[in-house]
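My notes follow the order in which I checked them.

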Amino acid sequence: MSASAHSPGPATSTAPNGARRKLSTKQKLLLAAGVWLGGIVVLAAIYGVKGHRNNAFEPQNEFKLDNWVNLGIFSINKAVLYLVLAAVATCVSMIYIARRMQARPNKVQAAVEVLFSLMRDNITGSAMDEKMAAKWFPFIGALFLFIMFSNLIGYIPLPTNTEHEISVFGLSIPSFSLYAATANLAVPLVLALVVFFSYTFEGVRAKGPIGYLRGLIPGGVTGGMAVAIFFLEVLSNLMRILSLTIRLFANILAGHLIILFMAGALAVILGITALGWFTLPFGIALFAFEVGLVAALQAFIFATLTAIYLGGAVAEDH
Amino acid sequence: MHIAFITFLAAATEETAKAGKSIGLGVGGGLGAVGAGVGIGIIFGKAIEAITRQPEMRDEITQLQWLGFALTEACFFYGLVAGLLAAFIV
């Protein structure tokens, strides 16, 4: 009684009408949960909960690289296609937008400008001085965009799975699959090696070979301790290649694997139909998480660490 | 008697190797997830604390928070990769 006395009159009179015509958020959520749970029960009732193991389906084939074109020791395969797509996307997005700059930006230009200022001010600018930032910004920016685009293209289903073919109106095309070039160990490894050699050369150029190696030892450490620290620092420099590689590779690979399993592979392997319906919402949520956060975040981390390593290589005091 | 015992032992060794691989994967993935989970929790908690203390530094703190998040999350993947190596390759 007292609660209704406090609430204003018009709100209480319109609320029930609105609720009858349109479902509230809570009701929509309850309905979705009901459909989901009901689907599990119905599928379990029809197909049973005991399936037999399916050994014919091999999930690792999603990541298998078939040679499409043989070029001696090189070959063109799925990963090469994804790399080319990412490179084209990187160049086109930046050059096309730069050519059509307007004083009043539209939405795409605004987004690109945000990306640009993120790359220039936050990633590059915060790790090195102005002159060096101007010199290395194109490298770090290209690295960031290339990794981000190859991650993002990986979440678009493309007809690249030549292992299995589907026929559309009598035309046989490769089935659609999710694959990212960065989910292949070689691609992040090469990127990490490029980064390693860039910052080593930059450091050697700034301080000379002896100076660079001496710069690895933190100031104030002398004698026998300096030798031990020196070897540790050399080792940690080499470990940077490994950590850059594995961070990017394993993040993207694990993301693709978990999307694959949640979106149905688990149900196919175990042969339980209801399980596929059960895991589908998790698959969609993880897909959104990977596209929305992980793809850009990993590119950001890779570029930020590159900038920090480059800045650290030329810094006077370690 | 002896032959039966040897075949039993051989079968047991194979089963043990399988069990060891499964344990490797479980420890690599599971303990890796535990450590990274604790670390990520600490990072976000500290970031919230820092932002509530100094809201004007929000942007800088957010950037550092994501950097820390990704570096910590990577540790989970090191464990996972080691576990996968143990289970499928070694």
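**Helix pair within chain A**

I began with helix H7 (residues 186-207) of chain A and helix H10 (residues 273-314) of chain A, whose axes lie 8 Å apart and pack at an angle of about 20°. Axes here are lines fitted to C-alpha atoms, for helices over the stretch in contact, and angles run from 0 to 180 degrees between N-to-C directions. H7(A) is therefore roughly parallel to H10(A) (angles under 35 degrees are roughly parallel, over 145 roughly antiparallel, 65 to 115 roughly perpendicular, the rest oblique).

I listed the contacts next (C-beta atoms, placed from the backbone, within 7 Å). From H7(A), Val195(A), Ser198(A), Tyr199(A), Thr200(A), Glu202(A), Gly203(A) and Ala206(A) meet H10(A) residues Thr306(A), Tyr309(A), Leu310(A), Ala313(A) and Val314(A). The residues of this contact of H7(A) with H10(A) are seven nonpolar, four polar and one charged. I count Ala, Val, Leu, Ile, Met, Phe, Trp, Tyr, Cys and Pro as nonpolar, Asp, Glu, Lys and Arg as charged, and the others, Gly among them, as polar.

**Model and confidence**

The model is predicted: local features need pLDDT of at least 70, side-chain atom pairs count only at pLDDT 80 or more, and totals for chains, interfaces and linings use all residues. Residues are numbered from 1 along each chain as its sequence is written, and chains are lettered from A and ligands numbered from 1 in the order in which they are written. Helices (H or I, at least four residues) and strands (E, at least two) are DSSP runs, numbered from the N terminus.

I checked pLDDT, the predictor's confidence in each residue from 0 to 100. Chain A has a mean of 83, with 92% of its residues at 70 or more. Where in chain A is confidence lowest, and where highest? Helix H1 (residues 2-6) of chain A is lowest at a mean of 45, and H7(A) is highest at 93. Over residues 1-15 of chain A, pLDDT stays under 50, and the model has two contacts there beyond four places in sequence.

**Chain A against chain B**

I found 12 residues of chain A in contact with nine residues of chain B. H9(A) gives the most to the chain A side, with six residues. By class, that side has six nonpolar, five polar and one charged residues.

I then looked at H9(A) and H2(B), whose axes come within 9 Å and cross at roughly 80°. That makes H9(A) roughly perpendicular to H2(B). Ser243(A), Ile246(A), Arg247(A), Ala250(A), Asn251(A) and Ala254(A) in H9(A) meet Ala74(B), Phe77(B), Tyr78(B), Leu80(B) and Val81(B) in H2(B). This contact of H9(A) with H2(B) divides into eight nonpolar, two polar and one charged residues.

**Single residues**

Thr72(B) sits in helix H2 (residues 58-89) of chain B. Leaving out residues up to four places away in sequence, Thr72(B) touches Ala36(B), Gly39(B), Ile40(B) and Ile43(B).

Val80(A) lies in helix H4 (residues 78-99) of chain A. The C-alpha atoms of Val80(A) and Ala181(A) are 7.5 Å apart, although 101 residues separate them along the chain.
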